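Keep the sequence and the coordinates open as you read.

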Amino acid sequence: MSSQKTSKSKKSGLIFPVSRIKTMLRVQKVADRITDKAAVYLTAVVEYLSLEILEISLTTAQAERQHKIQPSHVNTALKKDQDFVKHFVRAIVPKSKFIPINEVESLKNSRNNS
C-alpha cells in the first residue's frame, strides 16, 4: 500500500519535465508567483514546438536521403518554414550551414509564389 509519487509531467501527459521548467521560471524571476498550471502550459508549448521543429527537420533530412538529422537540417527547416521563419530569422544553429538573411527572404518569397 505504498503510495507512489507521480511527477507533474506524468500527470499532465508530457515528456518534458514540468518541474524543471518551473524551477527555471523561478530562477529567472519571471514573476513573483508561478502556478503549476503555468509551468504545465509552458512545458506543453515547448514540447509542441520541439516536436514540430524535429518533424520539419526530419522531412528535410529525408529529402536529402539522409538517415540522421544534422544541425544543417534543423537550420534549413527553420529558415524554409513560413511559420518559423518569422521567429527564427536571426537564429544561429551551431555546426550548421550559414544561410544569409536575404537568402531566407528569397526562400520565403519563392514559397509564397508557388
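L42 counts as partly exposed, at 33% relative accessibility. That value falls between the 20% limit for buried and the 50% limit for exposed. L42 sits in helix α3. Beyond its neighbours within four places in sequence, L42 is in contact with I21 and L25. V18 is 24 residues from L42 in sequence, and their C-alpha atoms are 8.4 Å apart in space. All of this is read from a predicted model.

Now the overall layout. The chain has six helices and zero strands. Its pattern along the sequence is α-α-α-α-α-α. Of the 114 residues, 25% count as buried. The chain exposes about 9,200 Å². Carbon and sulfur atoms supply 55% of that area. As for contacts, take those between residues at least 6 apart in sequence. Of these, 35% join residues at least 24 apart.

Next, the charged side chains. How many salt bridges does the structure hold? There are two. In one, the side chains of K8 and D36 meet at 3.7 Å, N to O. K8 lies in helix α1, residues 8-12, and D36 lies in helix α3, residues 36-63, so this pair ties together parts that are 28 residues apart in sequence. K8 is partly exposed, with 34% relative accessibility. D36 is partly exposed too, with a relative accessible area of 36%.

The other salt bridge links D36 with K22. Here the closest N and O atoms are 2.5 Å apart. K22 belongs to helix α2, residues 18-28, while D36 is in α3, so the pair ties together parts that are 14 residues apart in sequence. K22 is buried, at 11% relative accessible area. D36 takes part in a bridge with K8 and in a bridge with K22. Through such shared partners, K8, K22 and D36 join into one network.

Turn to the nonpolar side chains. Which residues make up the largest nonpolar core? The seven are I53, I56, V74, A77, L78, F84 and V93. Two elements, α3 and α4, each give two or more residues to this core. The largest share, three residues, comes from α4. V93 is also worth a look for its contacts. Leaving aside neighbours within four places in sequence, V93 is in contact with P71, N75 and L78. L78 is itself one of the core residues.

Why does α4 count as largely enclosed by the rest of the structure? Eight of its ten residues are buried, so the rest of the structure largely encloses it. The buried ones are S72, H73, V74, N75, T76, A77, L78 and K79. This set includes V74, A77 and L78, which are also members of the core. It also includes N75, one of the residues in contact with V93.

Helix α4 spans residues 71-80, and K79 lies within it. Is K79 buried or exposed? At 3% relative accessibility, K79 counts as buried. Where does its side chain reach? The side chain of K79 reaches the backbone oxygen of F88, at 2.9 Å.

A search of the whole structure finds one aromatic pair. Its partners are F84 and F88, and the pair is tilted. The ring centres are 5.9 Å apart, with 55° between the planes. Why is the pair called tilted? Planes under 30 degrees apart count as stacked and those over 60 as edge-to-face, so an angle in the remaining range counts as tilted.

Both phenylalanines are in helix α5, residues 82-88. They are four residues apart there, so about one helical turn separates them. F84 is buried, at 9% relative accessible area. F88, by contrast, is partly exposed, at 27% relative accessibility.

Notes
Residues are numbered from 1 along each chain as its sequence is written. This is a predicted model: local features need pLDDT of at least 70, side-chain atom pairs count only at pLDDT 80 or more; totals for chains, interfaces and linings use all residues. Side-chain values use heavy atoms; hydrogens and water are left out. Rings of Phe, Tyr and Trp (its six-membered ring) pair if their centres lie within 6.5 Å; planes under 30 degrees apart count as stacked, over 60 as edge-to-face and the rest as tilted. Buried means under 20% relative accessible area, exposed over 50%, partly exposed in between (1.4 Å probe, protein chains only). A polar contact is a pair of N or O atoms within 3.5 Å; within protein, one must be able to donate a hydrogen and the other to accept it, and residues adjacent in sequence count only if both atoms are side-chain atoms. A salt bridge is a side-chain nitrogen of Lys or Arg within 4 Å of a carboxyl oxygen of Asp or Glu. Contact means heavy atoms within 4.5 Å. Accessible areas come from the Shrake-Rupley method with a 1.4 Å probe; for residues, only the protein chains shown count as cover. A nonpolar core is a set of buried Ala, Val, Leu, Ile, Met, Phe, Trp, Tyr and Cys residues joined through side-chain atoms within 4.5 Å.
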